[in-house]
Amino acid sequence: MKRLLIWFVRGYQKFISPLFPPSCRYEPTCSNYMIQAISRHGAFKGFWMGIGRIFRCHPFIRGGMDPVPDYFTMRRNKKYRKRT
């Protein structure tokens with residue numbers, strides 16, 4: 001299942017993503033984040049972490065560094081969160 005999900009994300013990166021201008025506000029990009037989350041946390045949890053990341057990526061967020069945490073969470077990695 002992990003391989004299948006990663007295969008779909010890589011297909012998106014190769015065929016769909018180049019059709020649009022780069023607009024991700026986070027580092028790593030949302031698609032790379034999903035691949036890393038699936039690899040680290042498994043198909044189910046990693047997929048949901050990736051979906052949560054996509055929902056966090058919008059014009060009203062600052063963005064910045066947000067690597068995949070070592071534990072399962074739907075929130076942004078607190079270690080790299082910018083303080084306002």
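## Helices α1 and α2

The axes of α1 and α2 come within 10 Å and cross at roughly 170 degrees. Angles over 145 degrees count as roughly antiparallel. α1 and α2 are therefore roughly antiparallel to each other. This is a predicted model.

From α1, the contact takes in K2, L5, I6, V9, R10, Y12 and Q13. From α2, the partners are S31, N32, M34, I35, I38 and S39. Sorted by type, the residues of this α1 and α2 contact are seven nonpolar, four polar and two charged.

## Q13 and I35

Q13 lies in helix α1. Its relative accessible area is 23%, so Q13 is partly exposed. Leaving out residues up to four places away in sequence, Q13 touches P18, S31, N32 and I35.

## Helices α2 and α3

Helix α2 spans residues 30-41, and helix α3 spans residues 43-56. Their axes come within 7 Å and cross at roughly 155 degrees. That crossing angle makes α2 roughly antiparallel to α3. The crossing of α2 past α3 is right-handed.

On the α2 side, the contact residues are C30, Y33, M34, A37, I38 and H41. On the α3 side, they are A43, K45, G46, F47, M49, G50, I51, R53, I54 and R56. The residues of this α2 and α3 contact comprise ten nonpolar, three polar and three charged.

## K45

K45 is found in helix α3. It is among the α3 residues that meet α2. Its relative accessibility is 41%, so K45 counts as partly exposed.

K45 and I16 are 29 residues apart in sequence. From C-alpha to C-alpha, K45 and I16 are 24 Å apart in space.

## The largest nonpolar core

Eight residues make up the largest nonpolar core: L5, I6, V9, M34, I35, I38, A43 and I51. The elements that give two or more residues to this core are α1 (2-16), α2 and α3.

Most peptide bonds are trans. The bond that joins E27 and P28 is cis, with omega about 0 degrees. P28 lies in the loop between β1 (26-27) and α2.

Methods
Residues are numbered from 1 along each chain as its sequence is written. This is a predicted model: local features need pLDDT of at least 70, side-chain atom pairs count only at pLDDT 80 or more; totals for chains, interfaces and linings use all residues. Side-chain values use heavy atoms; hydrogens and water are left out. Axes are lines fitted to C-alpha atoms, for helices over the stretch in contact, and angles run from 0 to 180 degrees between N-to-C directions. Helices (H or I, at least four residues) and strands (E, at least two) are DSSP runs, numbered from the N terminus. Angles under 35 degrees count as roughly parallel, over 145 as roughly antiparallel, 65 to 115 as roughly perpendicular and the rest as oblique. A crossing is left-handed if the near helix is turned anticlockwise from the far one by less than a right angle, and right-handed if clockwise. Contact means heavy atoms within 4.5 Å. Ala, Val, Leu, Ile, Met, Phe, Trp, Tyr, Cys and Pro count as nonpolar, Asp, Glu, Lys and Arg as charged, and the others, Gly among them, as polar. A nonpolar core is a set of buried Ala, Val, Leu, Ile, Met, Phe, Trp, Tyr and Cys residues joined through side-chain atoms within 4.5 Å. Buried means under 20% relative accessible area, exposed over 50%, partly exposed in between (1.4 Å probe, protein chains only).
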